[in-house]
Amino acid sequence: PMRGATDCPGCSPGVSYRRWDEIGGGQAVADMLADPYYLDNTEGEPSAAEHFTDAIESPVNGCDSCGRELSAYFRPPMSGTYVFFLASDDQGALFFGPSEAEAAGIASVPGWTDSRQWDRYPEQESPHQELVAGDYYFLRAVGNEGGGGDNLAVGVMTPTGEVWGPIPVQYGEDSTTL
């Protein structure tokens, strides 16, 4: 199984959401991530930044010609095989790994999906991820939007076959995300 961090100093419960307006919509995710207005570049201040405490999902129908990002630490409640799903309008990508630096692409949306539509493209479903209960795993979903409706959400199927779509943010000893 993939081992994540056993603790998460500096983490806060919930999901970080950021949006960048005026990024050309409908482009490939790689082009969006390379856009000078996006995150890692000097002009990359987001147009909006929020902290959500309900689910790993962006607002629906919130922008046109924009880039969006959700990031969180997933903490599985039980060891076993997990499968992640991505829904996005327009194109999107899901990165996952034992840390932010080690997160790699595991799922994508090559066109667009409706909100919470987990099965339009085979690429939306990740390969099986063998995870350890209680460890912290970093996930980041990015998506772009041209015009019309938009959405970005991450779902998961647990080792028991239960599907959480989108992944809920829960607190306490039984926390499943942080």
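Contact means heavy atoms within 4.5 Å. This is a predicted model in which local features need pLDDT of at least 70, side-chain atom pairs count only at pLDDT 80 or more, and totals for chains, interfaces and linings use all residues. Residues are numbered from 1 along each chain as its sequence is written, and side-chain values use heavy atoms, with hydrogens and water left out.

**Figure 1. The protein has one helix and ten strands.** Helices (H or I, at least four residues) and strands (E, at least two) are DSSP runs, numbered from the N terminus. Along the sequence, the elements follow the pattern β-α-β-β-β-β-β-β-β-β-β. The protein has 178 residues, and 49% of them count as buried. Buried means under 20% relative accessible area, exposed over 50%, and partly exposed in between (1.4 Å probe, protein chains only). Among contacts with a separation of 6 or more, 74% are between residues 24 or more positions apart.

**Figure 2. Four strands form an open sheet in the order β7-β4-β9-β10.** The pairing in this sheet is antiparallel. β7 (129-131) and β10 (163-164) stand at the edges with a single partner strand each, so one side of each has no neighbour in the sheet. Two strands pair if DSSP finds at least two bridges between them. Three bridges link β7 to strand β4 (residues 80-89). In one of the pairings, Y82 has Q129 of β7 as its bridge partner.

**Figure 3. Strand β1 pairs with β2 and with β3.** β1 spans residues 15-21 and runs antiparallel to β2, with five bridges between them. R18 has A49 of β2 as its bridge partner. Strand β3 (residues 66-74) also runs antiparallel to β1, here with six bridges. W20 stands opposite G67 in β3.

**Figure 4. E50 sits in strand β2.** This strand covers residues 48-52. Leaving aside residues up to four places away in sequence, E50 touches V15, S16 and Y17. L70 is 20 residues from E50 in sequence, and their C-alpha atoms are 9.8 Å apart.

**Figure 5. The largest nonpolar core has 27 residues.** A nonpolar core is a set of buried Ala, Val, Leu, Ile, Met, Phe, Trp, Tyr and Cys residues joined through side-chain atoms within 4.5 Å. Which residues have the most contacts inside the largest core? They are F74, F84, V154 and I167. Two or more residues each come from β1, β3, β4, β5 (92-97), β6 (104-109), β8 (137-145) and β9 (151-157). A second, separate core has eight residues, including W20, I23, V29 and V142. In soluble globular proteins, nonpolar side chains tend to be buried together.

**Figure 6. Y136 lies in the loop between β7 and β8.** Y136 counts as buried, at 9% relative accessibility. F74 is 62 residues away along the chain, yet the C-alpha atoms of F74 and Y136 are separated by 5.7 Å. The side chains of Y136 and R75 are joined by a polar contact of 3.2 Å. A polar contact is a pair of N or O atoms within 3.5 Å; within protein, one must be able to donate a hydrogen and the other to accept it, and residues adjacent in sequence count only if both atoms are side-chain atoms.

**Figure 7. N61 and S65 have positive phi values.** Most residues other than glycine have a negative phi, and most peptide bonds are trans. N61 is not a glycine, but its phi is about 60 degrees. N61 is found in the loop between β2 and β3. N61 is exposed, with a relative accessible area of 55%. S65 is not a glycine either, and its phi is about 50 degrees. The loop between β2 and β3 also holds S65. S65 is partly exposed, at 29% relative accessibility.

**Figure 8. Cis peptide bonds join D89 to D90 and G165 to P166.** Omega is about 5 degrees for the bond between D89 and D90. D90 is found in the loop between β4 and β5. For the bond between G165 and P166, omega is about 0 degrees. P166 lies in the segment after β10.
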